[in-house]
Amino acid sequence: MPALDFTSSDALTFGVELELQLVNTRDFNLAPDADDLLRRATRDAPQGELKPEITQSMVEINTSVHRHYAELLAELRATRNVLAAHARKMNVAIAGGGTHPFQKWSERKIYPTERFLSVSEKYGFLAKQFTVFGQHVHIGCPNADDAIYLNLALIRYVPHFIALAASSPFYQGVDTAFDSSRLSVVNAFPLSGTMPFVRNWAEFNRYYDRMFDLGIVASMKDFYWDIRPKPEYGTVEIRVCDTPLTVDRAAQIAGFAQALASWLWEVRPEISPDIYLVHSYNRFHACRHGFAGTLVDPVTGGSRPLADDLRETLDRIAPHAAALGSQDALSALHTTLSQGNDAAWLRTQFASTGTLTDVVRKQAALWAG
Amino acid sequence: MSATDFLPHWPPAANGFLVFGLLLLAGLLGGRLAATTRVLPAITGYIATGFLLGPGGLGWLDAGVLAQSRVIAEFSLGLIVFDLGRRLDLKWASHDRWLLPMGIAESLLSFVELFALLHVVGGIDTLEAAVAATIGIATAPAVVLLVTNELKADGPVTRRMLWHVALNNVVATLGITVLLPFIEARATGASWNPVARSLWIIAGSFLLGYAAFRVFTLFARLIGKSPAPQFILTVGMIIVTVGVAEVSRLSVLLALLVLGACARNLDHEHRLVDVDFGRAAQLFFVVLFVLTGATLHPHQFGPIAWVGLAFVVARGLGKALALFAFAWPAHISARQAATLGLALTPMTGLAIGIAQPIYDIAPEFGARLSAIVVSGIAILYLLGPIATRFALIRAGEGEPAARD
């Protein structure tokens, strides 16, 4: 088995994958129209790529590679407009959000590609339960060792990303009391979790070879980690975010990731393996309570509100955001921090309308811009 | 007074409960039997049961029983037609500018093909051919909705199919209503202006549907959005609308389609919940199709069946031609157009629904009409549900294993 090659890419370039919900406009349940929407919209999509996902009520936007937040935002808005226009002609709507509030997973249909059918065969009912919607952010890395460092350094900030993007309070028709219930679905996969503590790419390759030889993985795609290196793209991929309710928020979160990566590579804070002691706890708190969660610091031994740490982080990386042209993204996230995330918005809609059907209707209207 | 007066009479007389219950149980058995074939939809089993028990078979369901059960059939049809009206999404038609032209072309071309077959080829009288061809425009709403529910079908073909069915039922109902004065004039030599009747039916049915919608939303505002009260409200509004339409001699079908369409398009404050009629309604649908089957007779499948077959082919060709002609501008794939055309195969019966006013006004004309279209309808009762089922499965939108 040859060693994994890491393709070099320009540092701090970035791109986004967004998994989106297709819903009908009658009762706003999920609609299995991915095939038709992709057939119609692919030729009109401005840049990037439109792809199917595991079940037929999902589509995925892959943006092209960008250097600046404004360009990424413009592309996401243009793609959204194309998708929304085609969806309207099909009498379906598109919505953001990490979960569909009331769909029944057993009613979903696997998208019939070889890969998705094999995932379905391998994971049984988990494949259909995986009808949840996430945002992945790719950060370009000049070399493999920088990618490994960034991957480990970002683990501390997983709760921050979760809380900022949380948009899945409702699942299978109930309020889960979580801000992000989506990650509980991901947790069920055997290769979910966190990349092991390795110091460099050579060490990572030894780990990968071992897993490959044991027959546990066949490719990097088999790891469902929160953050993972993506050697063929030359990126580190942050995978913990719910799909936000708007493409604007998705771009802001990507801008945050880019500025944070810039700061981490410049300052190079030391990474302690002790982060693994607290990671699951911190992650759970962010999923459950969002900004109101607690963050435990294994180095200082203290704990503090996640919102405080996030605010400080936003201030700390502000100069990097300014240099990269993404200060607007960070100031929008500051507002989110004080006014509430998408999960809070969804709960407010439910409180005012009383039905989850109305919540999805409003979700879809919000996404369409 | 004898000592045995408290005992029931012998033989016991069938009452409404007994008829409903027995039809239900017999239909259930037929449906399950059809399901075991893995090819036939349950509806085919219900229809076959009705045929077996009806005048054309064992004769257990005689005209009296059928008349007694008509209210059940009309109620079932009411639920279905209202549900269909909810699929008439005008906002969709405004976003997809080909949707309405495609639907109208599908209706008109099936009319033209049928009229040409009956009048030009078959030499049938102009008015009779026009009425028969108008009836042929409509796809049976009950069949397509039940097959859709049975397969839990959803997707672009299913959505378009239901839109076409809703639209072609509106077109056919309006067409028949427009033709009514001519039928009446011929039957009775009416001296008053018979156009007034058509105007009354069309305008009255639209007004009734709209007025019912306003009452519907008023009640909904009072009761809130909980599904259970909304379910009762919806069923109640449907029954009241059927009742008022019958008393006022309006089109039940049109009034309910308008009610459903208003609920879909004019409920700007989102007061109404899109309730699923579910298993409760399934009870009535089983009985509806058993009764439908009872209207069939073996002679309809005899030599006259060739007429019916030609009718079926001409109708199908008309629909398919329109769908394929509009497929490219409407961004529909050839496969979707083909499955859509096949899915629209089922044809509605004569006893209730679109053709009912003809029987009320001119029974003799109705009898001649039956002679023309009855074998086509008989064939489509058998083939229609199977075709819709096959089409939705081929379109990848219905799951054969989804029956319950």
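View 1. Phe161(A) counts as buried because its relative accessibility is 1%, where buried denotes under 20% relative accessible area, exposed over 50% and partly exposed in between (1.4 Å probe, protein chains only). Phe256(A) is likewise buried, at 0% relative accessibility. The model is predicted: local features require pLDDT of at least 70 and side-chain atom pairs pLDDT 80 or more, whereas totals for chains, interfaces and linings use all residues. Residues are numbered from 1 along each chain as its sequence is written, chains are lettered from A, and side-chain values use heavy atoms, without hydrogens and water.

**View 2. Aromatic pairs.** Over all chains, 28 aromatic pairs are found. Rings of Phe, Tyr and Trp (its six-membered ring) pair if their centres lie within 6.5 Å; planes under 30 degrees apart are stacked, over 60 edge-to-face and the rest tilted. Phe161(A) and Phe256(A) form a tilted pair, with 5.1 Å centre to centre and 55 degrees between the planes. This pair links helix 6 (residues 158–165) to helix 9 (residues 247–267) of chain A, its members being 95 residues apart; helices are DSSP runs of H or I, at least four residues, numbered from the N terminus.

View 3. Phe223(A) and Trp225(A) are stacked, at 4.1 Å centre to centre and 25 degrees between the planes. Phe223(A) is buried at 0% relative accessibility, and Trp225(A) is buried at 3%. Both belong to a cluster linked by ring pairs, which also includes Phe6(A), Trp201(A) and Tyr208(A).

**View 4. A charge over a ring.** The charged end of Lys230(A) sits over the ring of Tyr233(A), 5.3 Å from its centre; the criterion is NZ of Lys or CZ of Arg within 6 Å of the ring centre and within 35 degrees of the ring normal.

Conventions
Helices (H or I, at least four residues) and strands (E, at least two) are DSSP runs, numbered from the N terminus.
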